[in-house]
Amino acid sequence: MMKSSNGAYDFTIPRRQSYAAILLIAYKLYKVLLRQLLPFLLIFLFGGSLGKKDSLMYYVIGIAILGFIYSVVSFFKYYFFFRDDKLIVQKGVFKRSVIEIPFDRIQSINFEQNLIHRIFNVVKLNMDTAGSAGSELQINALDHTLASAISEHILKHKSENAVATEEGQPITESKKQVIFRLPIAQLLKVGITENHLRSGGIIIFFLIWIWENLKDIGMDVMEKMEEYAPLAEAISTSLVIIASLVILFMIVSFIISLVRTVLKYYGLQMFRIGDGFVIESGLFNKREHAAKDHKIQLVRWTQNLLQKWSSIYELRMKQASSMEVSDKKSIQVAGLEWEDIKMTEAYLFKEQHRELSAMNLHSVDPYYRFRRLYYWSVIFLPLAGLLVYLGENKFAIAAFAWFCFGVVTTLLSYNKKRYGISENLLLLKGGTFGHSATMLQLFKLQNLMIESTPFQRRRDLASLTLFTASGQVTIPDIAYDKCLLMKNYLLYKIESNSESWM
Amino acid sequence: MDPFTNEQIDVSQLPKVETLVYQPLEDRYRTVLIISRVIFTLIVTALLTFGTLVQFEEKIPQKVIYGLWIFFFLYTIWGFVKTVMGFQHKSYALREKDLIYRSGWLWKDMTTAPFNRVQHVSIDQGPIERKFNLAKLKIYTAGGKASDMSIPGLSPVTANELKEFIVKKTMQVTELPHAQIADDEEQ
């Protein structure tokens with residue numbers, strides 16, 4: 001390694017990672033390959049025809065060697081160095097690419113060590129740039145001292161620029177203030193009004209998954225079933241039994257989602273601490289989530305049909321993250337009443353929350369319905385026709401039913417779609433059977449996209465998509481002129497703003 | 001460094017995106033696109049031929065095989081038409097505070113990336129692009145994969161110039177509240 005006599009590193013010279021990186025790259029590659037190819041391997045191994053197993057061995061060895069060569073080449077093509085307060089990485093085996101990251105954009109630096117790292121006494125450097133997924137930077141293997149030196153160098157630069165400390169630090173207990181508490185009775189209400197279809201769906205997929213996997217390793221459930229032929233016959237002939245199975249299935253779905261909800265939201269409390277929210281809940285598995293106001297990019301409340309009847313709401317606040325936005329990064333509260341929603345908005349948007357109620361809401365162009373109906377009919381009607389042609393009448397009926405479902409949801413969702421933009425906020429309302437609303441602060445937008453299909457252009461319409469650091473929002477089918485005007489206004493809001501969006 | 005100002009501006013006076021002059025991509029990028037299409041078509045043709053001749057003759061009905069060929073044939077024609085027509089509609093415009101890229105022949109889209117939201121910028125070169133001396137500029141924002149902007153078919157010189165320009169802009173924005181450090185750097 002290039003190290004001068006006084007122990008300081010010269011980071012301006014391009015350098016490679018520690019040689020242990022070759023193993024780590026290969027390890028990562030093998031893991032991915034194994035995961036992708038595992039089903040094929042299993043089928044090969046259990047699928048009979050013993051003669052093929054020898055050739056399989058050659059394939060495995062061949063792929064392993066190719067993978068290792070790839071790892072070596074990619075190691076030798078990987079360089080990193082510092083220039084002008086930027087970290088620069090050059091890499092790529094087939095595609096050469098250069099990544100430049102200004103130190104200011106690096107949010108945090110973590111070291112990681114798995115077993116291989118420990119054996120070679122190296123660390124993996126993770127740099128979170130708060131960019132999109134995949135834009136965070138990893139250096140696979142570095143000597144521990146070098147890694148610390150790099151981290152120190154970058155952090156020193158950042159501390160001069162006085163960057164705010166990371167979230168999740170315990171804030172003084174004294175200012176903790178309970179703003180919402182979910183009583184037991186309300187908790188049961190939340191459980192009962194859950195979307196039971198979802199748990200039903202999960203059960204069905206689980207059963208299908210088990211079925212397919214048993215089939216793959218050579219156990220055909222159908223064959224086993226035929227051993228119990230008299231029983232199967234009784235089932236297929238007796239409608240009563242089918243009906244009771246359906247009811248049983250519904251009851252099981254209901255109980256599962258009720259139990260899940262109670263376990264998840266038991267003892268739910270929402271606190272206000274300083275300029276952030278903390279959520280606490282869970283029966284056995286108590287979890288605590290924190291979100292600072294400035295990290296929250298999108299707020300969304302929803303109300304399904306059952307919740308609408310019992311007038312309770314679910315609230316989600318999505319935080320910025322460099323990973324794909326997962327539920328872990330969003331704060332979720334259930335069983336809220338309208339006043340609680342209003343209160344949260346007031347905390348989050350400060351005085352600006354008044355703009356929400358004063359906002360002029362517009363509906364999207366009626367053409368929205370037809371565009372969606374075209375797509376539904378183009379996909380499902382020919383599919384149903386094809387299935388009838390192939391003699392699969394049951395599936396044809398299913399396809400047609402799905403089409404009808406699409407028609408109904410389209411009409412309902414058009415009726416509820418409304419959007420409004422004020423001085424600082426954007427509000428998008430929607431829903432099919434229930435209601436939903438998404439809110440965001442305009443200066444937290446990242447970029448914008450206008451899209452149009454040939455059919456939209458014939459009617460002078462376009463769709464506007466707004467991207468934030470925790471998801472996107474689309475306002476479909478609005479007049480093209482209006483779309484441009486809104487885009488210009490939003491861009492002005494973004495570009496004239498110097499407040500940090502997170 | 002200029003003092004920070006934030007004057008109220010009449011929205012109707014803002015520079016309109018629609019009056020911009022767009023820069024087309026390098027002409028030879030069309031060739032790159034067509035070559036990529038040809039390679040893709042050859043690979044799929046080879047796979048389909050293999051499938052038809054060798055393995056699945058008994059297992060998959062003839063109807064389905066014919067169907068696949070017809071579908072692939074139509075898809076190929078559509079693919080080439082889309083590639084050639086789509087190329088003419090790919091263009092970009094650089095403004096003081098953002099970069100605009102538009103593409104699409106029938107299904108059009110236009111993305112705008114404000115510089116004060118850019119996370120980082122990179123230049124990519126695929127093997128075919130390298131042969132044709134072309135580069136692809138990628139602009140990453142925190143808006144997620146769907147919003148990352150990628151401008152292909154630039155000459156490496158233009159790509160580098162654009163990158164330098166954008167990186168300089170993003171650094172300016174970052175340092176705005178920290179005027180002192182900017183001064184230090186000038187020494």
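Strands β8 (residues 269–273) and β9 (residues 276–281) of chain A pair in the antiparallel sense over five bridges. One of these bridges joins Gln269(A) to Glu280(A), its partner in β9(A). The model that shows this pairing is predicted.

The two strands belong to an open sheet of four strands in chain A, in the order β7-β8-β9-β10, with antiparallel pairing. At its edges lie β7 (177–181) and β10 (287–292) of chain A, each of which pairs on one side only. From one strand to the next, the twist averages 20°.

Further along chain A come two helices, α13 (residues 367–389) and α14 (residues 393–416), whose axes come within 8 Å and cross at roughly 175°. Angles over 145 degrees count as roughly antiparallel, and α13(A) is therefore roughly antiparallel to α14(A). The residues of α13(A) that make the contact include Leu373(A), Trp376(A), Phe380(A) and Leu387(A). From α14(A), the contributors include Phe395(A), Phe400(A), Trp402(A) and Leu411(A). By class, the contact between α13(A) and α14(A) has 18 nonpolar, four polar and two charged residues. Arg369(A) and Arg372(A) of α13(A) are among the residues in this contact.

For chain A the mean pLDDT is 81, and 82% of its residues reach 70 or more. Over residues 162–174 of chain A the pLDDT is below 50, and this stretch has eight contacts in the model beyond near neighbours in sequence. Residues 323–327 of chain A also have a pLDDT below 50, with seven contacts beyond near neighbours in sequence. Where pLDDT is low, the predicted coordinates should not be read in detail.

Definitions and conventions
Residues numbered from 1 in each chain as written. Chains lettered and ligands numbered in written order. Predicted model: local features only at pLDDT ≥ 70, side-chain atom pairs only at ≥ 80, totals over all residues. Pairing = 2+ DSSP bridges. Axes fitted to C-alpha atoms, helices over the stretch in contact; angles between N-to-C directions. pLDDT = per-residue confidence, 0-100. Contact = placed C-beta atoms within 7 Å. Parallel < 35°, antiparallel > 145°, perpendicular 65-115°, else oblique. Nonpolar A, V, L, I, M, F, W, Y, C, P; charged D, E, K, R; others polar.
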